[in-house]
Amino acid sequence: RGTDISIDEMRAALDNLGGDDQLRLLAETYNSTNSEAARNALLRNSVRRKTYESMVYMAQSVMLNDYTTHMYNAAGNALMQFLDVPERMGAVAVAPLRKSLEALVGKTNPDQYYATDIYARLSGIRNGIVDGWGMMGRRLVQGGAAKDAPRDPLRAEYWAGAPYKIPFTKKIREFPDLTDNPLGKAFNAMGLVYSVPFRALGAADEFFAGIAQRVQLHEEAARLGGNVFDTTYAELIARGAEQKTAHIQAVEAGQRAVQKLLSERPADVEASVQAWRKQVTLQDDLDKELPMAGIYAGANKLMNKWYIKPLAPFSKTLTNIANEGAARTGPLALLSPRFWSEWQKGGRHRDLAISRLAIGGAMVWAGYEMAGRGRTTGAGPGDTGQRNDLKSRGWREFSLRLGKDEIDADLVTQLKEILGEDKVGDGTGEDFGDSYFIPLNRLEPANMPLLMGAA
């Protein structure tokens with residue numbers, strides 16, 4: 001269908017094929033395979049491979065039955081979205097200093113963030129919430145890729161035509177299409193049950209993705225409209241037009257450009273929107289050309305080995321959390337492809353990288369201060385007996401310590417319901433009787449600098 005294919009249809013097709021990472025891995029494996037027969041086998045996923053995928057999928061689904069995982073996932077997405085505003089406000093403040101330093105050593109990059117960019121992003125939140133609700137509803141109904149599950153393998157349609165070898169012979173057979181068969185319908189019903197946790201996980205991601213892509217689109221539209229206005233106004237003035245006339249025509253030209261952008265997105269704008277969408281939901285695809293990207297790609301590849309996958313079923317999410325967290329944590333930023341991605345782009349992107357480091361540094365300091373004042377806890381004593389003794393009195397490792405007079409008991413009860421009864425510590429005895437311990441030991445990006453300071 002060529003150019004008639006919509007962006008949503010293209011993304012859905014990519015998701016059904018396993019997403020960007022899976023397609024890239026397939027291409028690399030295909031190019032490194034010399035045998036024509038092996039290449040053909042690679043392109044036709046075998047019954048053995050699909051059996052392995054199904055086992056991993058079912059194990060992931062069982063893990064996702066714990067609703068607290070979905071709460072943490074939504075909280076992580078919300079936190080990434082929340083940090084967007086202060087980080088870009090910080091980039092506005094960093095710009096003059098960055099340009100002054102650049103002027104000392106060479107050519108200055110005039111590109112920077114302005115307060116109007118922040119306002120433009122904020123203006124997209126309302127429409128983004130509307131988009132997010134619609135996208136969330138579709139994901140709940142339709143299912144599809146979610147986090148580290150690029151597809152639902154528990155479908156009869158997916159297994160149809162898969163080759164398998166008959167034992168003790170060289171004969172190859174194809175798995176029959178059971179879609180309209182009672183057995184196939186029963187298999188699909190089982191797959192539907194296993195897909196429910198993934199639908200919930202994907203729905204939460206889609207909600208925040210809707211907000212993320214809308215705010216990014218509003219920024220791109222605002223910057224385009226401003227550039228068109230400036231260019232048109234300058235041209236009209238140069239031709240001798242009156243200022244009032246030039247202003248009116250320049251505004252109209254900017255409005256037309258924005259309207260066109262919202263209905264016909266250029267490839268670079270769509271790429272920017274999708275990149276921010278994936279970054280917020282911690283499903284970004286690493287650019288292997290970036291410094292240190294090989295470390296993360298190698299770790300992700302290792303965790304996808306069949307003998308390690310059961311221990312790290314959500315490897316892509318883990319590597320993205322590490323990448324985003326390191327970009328905000330002092331010297332660790334040098335090990336973060338996210339940091340280098342923004343730094344190499346220069347201009348406002350470099351300001352954003354510095355702003356993230358500054359805010360992350362403030363969180364490191366806050367973690368250090370809070371730990372020094374006993375407001376946060378670390379790993380605890382190395383002796384298992386001593387640590388268990390502390391836990392028996394309500395102490396919890398890597399937690400925020402709050403006085404019982406600082407937090408309402410009803411709120412603590414709600415936290416126990418959400419996080420789990422054993423996760424929230426209710427202190428007892430002389431040492432901890434006046435305290436609650438709220439866990440902080442999840443690896444959301446904002447927690448890494450905080451816990452580093454505490455350590």
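The legends below describe close-up views of a predicted model.

**View 1. Overall content of the predicted model.** The protein contains 19 helices and five strands. Buried residues make up 40% of its 455 residues. Among contacts in the protein with a separation of 6 or more, 71% are between residues 24 or more positions apart. The accessible surface of the protein is about 24,900 Å², and carbon and sulfur atoms hold 60% of that area.

**View 2. Crossing of helices α4 and α9.** Helix α4 spans residues 47-63 and helix α9 spans residues 182-238. Their axes come within 9 Å and cross at roughly 60°. Angles of 65 to 115 degrees count as roughly perpendicular and those under 35 degrees as roughly parallel; α4 and α9 are therefore oblique to each other. The crossing of α4 and α9 is left-handed. On the α4 side, Tyr57, Met58, Gln60, Ser61 and Val62 make the contact. The α9 side supplies Tyr194, Ser195, Pro197 and Phe198.

**View 3. Buried residues of helix α14 and their cover.** Helix α14 runs over residues 337-345, and its buried residues include Pro337, Arg338, Phe339, Ser341 and Glu342. The cover over the buried residues of α14 includes α11 (267-280), α12 (293-303), α13 (315-326) and α15 (347-372).

View 4. At the N-terminal end, Ser336 caps α14. A side-chain oxygen of Ser336 lies 3.2 Å from the backbone nitrogen of Arg338, a residue that is itself buried. Just after α14, Gly346 has a positive phi of about 70°.

How values were computed: Residues are numbered from 1 along each chain as its sequence is written. This is a predicted model: local features need pLDDT of at least 70, side-chain atom pairs count only at pLDDT 80 or more; totals for chains, interfaces and linings use all residues. Side-chain values use heavy atoms; hydrogens and water are left out. Buried means under 20% relative accessible area, exposed over 50%, partly exposed in between (1.4 Å probe, protein chains only). Helices (H or I, at least four residues) and strands (E, at least two) are DSSP runs, numbered from the N terminus. Contact means heavy atoms within 4.5 Å. A polar contact is a pair of N or O atoms within 3.5 Å; within protein, one must be able to donate a hydrogen and the other to accept it, and residues adjacent in sequence count only if both atoms are side-chain atoms. Accessible areas come from the Shrake-Rupley method with a 1.4 Å probe; for residues, only the protein chains shown count as cover. Axes are lines fitted to C-alpha atoms, for helices over the stretch in contact, and angles run from 0 to 180 degrees between N-to-C directions. Angles under 35 degrees count as roughly parallel, over 145 as roughly antiparallel, 65 to 115 as roughly perpendicular and the rest as oblique. A crossing is left-handed if the near helix is turned anticlockwise from the far one by less than a right angle, and right-handed if clockwise.
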